[in-house]
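Open the structure in your viewer and keep the sequence beside it, so that each selection can be followed in both places. The tour goes from a helix to a single residue and then to the pockets.

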Amino acid sequence: MIPIVSKLPQTPTTIFSVMSALAAETGAINLSQGFPDYDAPIELIDLVNNAMRQGHNQYAPMPGLINLREQVSQKTEKLYGANYDPATEITVTAGGTQAIFTAITAMIHQNDEVIIFEPAYDCYAPVIKVMGGVVKSMELTPPDYRIQWDMVRKLVSSKTRLIILNSPHNPTATTLQQEDIDELISIVKNRDILILSDEVYEHLVFDGKAHLSMSRYPELRERSFIVASFGKLFHTTGWKLGYCLAPAYLMAEFRKVHQFNVFSVNTPMQYAAAEYLKNEEHYLSLAGFFQEKRDHFRKGLEATKFELLPCSGSYFQSVSFKGITNEKDSEFAIRLTKEFGVASIPVSAFYSRATDHQVLRFCFAKRQETLDNAVDRLLKL
């Protein structure tokens with residue numbers, strides 16, 4: 001074997017792959033990895049088929065189809081009052097994770113510092129490290145996982161290049177509040193700090209609350225990459241279709257990397273997405289659709305021994321099991337899968353230090369029958 005020096009020597013296979021594989025092996029109900037178990041809208045599938053039959057099967061333009069970028073621009077202006085130029089400020093990507101990877105790659109140089117908030121989606125820190133950056137992480141704690149902005153100020157230095165935010169948040173299902181936005185504006189003012197805002201669950205905000213996108217605030221928009229996902233929007237995570245918004249000077253650098261990464265993204269699905277977005281109800285109805293699932297699942301879980309943590313957005317429900325066992329969350333998640341037939345994600349996997357608050361994450365983007373069956377099994381704990 002040829003000797004190599006790994007850029008990620010401590011990085012194992014992602015917990016999502018591990019738990020989904022265990023669920024498949026044991027026949028457990030998979031509430032671990034975040035994907036629906038119901039079909040995508042038949043109208044959308046028909047639109048893809050039509051695009052294929054019409055011959056749209058070759059490379060799309062590098063930034064994405066212009067008609068799709070125009071639809072994204074219109075949606076963003078309608079929802080957040082922000083005007084993004086489809087030609088220079090919107091790029092279609094191969095899912096949200098690719099957009100995150102590309103933005104970090106384009107912006108982070110050796111020894112640049114990046115502030116992240118843990119528990120954090122597991123792709124942030126590894127990409128920063130691969131690019132030679134330095135991860136400055138702040139640990140958030142249950143039950144509310146609020147950001148302590150006085151501590152953020154202590155993390156900021158002359159080397160701080162980027163702050164990564166995620167709202168609605170995976171895995172904690174929290175959302176940014178106006179006071180968070182005000183604090184963020186104050187911190188970055190007069191500093192050369194960029195923002196990477198992971199907003200892939202933007203349409204899944206509950207209880208009548210508004211999603212506070214970075215695009216709403218001019219002083220944040222001018223320094224932000226905003227990442228979104230058609231997979232979450234259309235219930236089609238396997239399509240790996242997303243997009244990134246950024247001011248033109250940032251998007252120009254983003255595209256320099258994007259063109260040598262994936263270059264372009266699935267063509268017929270872009271045609272379908274552009275047509276499907278013309279009906280605004282397809283995204284305006286999502287919050288109600290998933291809130292109904294959240295409420296149904298929470299009602300069932302209330303009869304179990306778990307303690308429910310707040311859920312204000314995304315399609316995840318976190319629970320504390322402190323009153324059930326003293327096991328580590330990773331051990332308990334495995335036992336829950338093998339002995340009770342329900343797969344979850346141990347939230348310690350989202351901390352770089354594997355911080356264990358004895359919390360598990362369940363995905364409720366499932367059919368009601370699936371959720372009911374899972375609750376029935378969890379009642380046996």
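**First stop: a helix and its surroundings**

Begin with α14 in this predicted model, and look at its buried residues, which pack against α1 (15–26), β11 (342–343), β12 (345–346), β13 (359–363) and α15 (368–378). To see which residues these are, select D329, F332, A333, L336, T337 and F340, the buried residues of α14, which itself runs over residues 329–340. They cover an arc of only 135° around the axis, which puts them on the same side of α14. Now turn the view to the face directed away from this buried side, where you will find the exposed residues K338 and E339. Before leaving, select G341, the residue that follows α14, and note that its phi is positive, near 75°.

**Second stop: a single serine**

Next select S215, which sits in the loop between β6 (194–198) and α8 (218–221). Is S215 buried or exposed? Its relative accessibility is 0%, and because buried means under 20%, S215 counts as buried. If you show side chains here, you can find the polar contact of 2.8 Å between those of S215 and S213.

Which residues lie nearest the centre of the largest pocket? Select Q10, T11, P12, D122 and A349, which hold that position among the 29 residues of the lining. The space in this pocket is about 780 Å³. Colour α1, β3 (113–118) and α5 (124–130), each of which supplies at least two residues of the lining, with α5 giving the largest share, 4 residues.

**Last stop: the second largest pocket**

Move on to the second largest pocket, where about 510 Å³ of space lies. It is lined by 25 residues, and those to select for its centre are G34, T97, Y121, K232 and K240, the closest to it. Both α4 (96–107) and α9 (230–234) supply at least two residues of this lining, and the largest share, 3 residues, comes from α4. Colouring by class once again, you will find that the lining of the second largest pocket has 8 nonpolar, 12 polar and 5 charged residues.

Key:
Residues are numbered from 1 along each chain as its sequence is written. This is a predicted model: local features need pLDDT of at least 70, side-chain atom pairs count only at pLDDT 80 or more; totals for chains, interfaces and linings use all residues. Side-chain values use heavy atoms; hydrogens and water are left out. Buried means under 20% relative accessible area, exposed over 50%, partly exposed in between (1.4 Å probe, protein chains only). The arc is that of the directions from the helix axis to the C-beta atoms. Contact means heavy atoms within 4.5 Å. A polar contact is a pair of N or O atoms within 3.5 Å; within protein, one must be able to donate a hydrogen and the other to accept it, and residues adjacent in sequence count only if both atoms are side-chain atoms. On a 1 Å grid over the protein atoms alone, a cavity is a set of points where a 1.4 Å probe fits but cannot get out, and a pocket is an open set with protein on both sides within 12 Å along at least five of seven lines; lining residues have an atom within 4 Å of a point. Grid points are joined across faces, edges and corners, and a volume is the space filled by probe spheres set on the points. Ala, Val, Leu, Ile, Met, Phe, Trp, Tyr, Cys and Pro count as nonpolar, Asp, Glu, Lys and Arg as charged, and the others, Gly among them, as polar.
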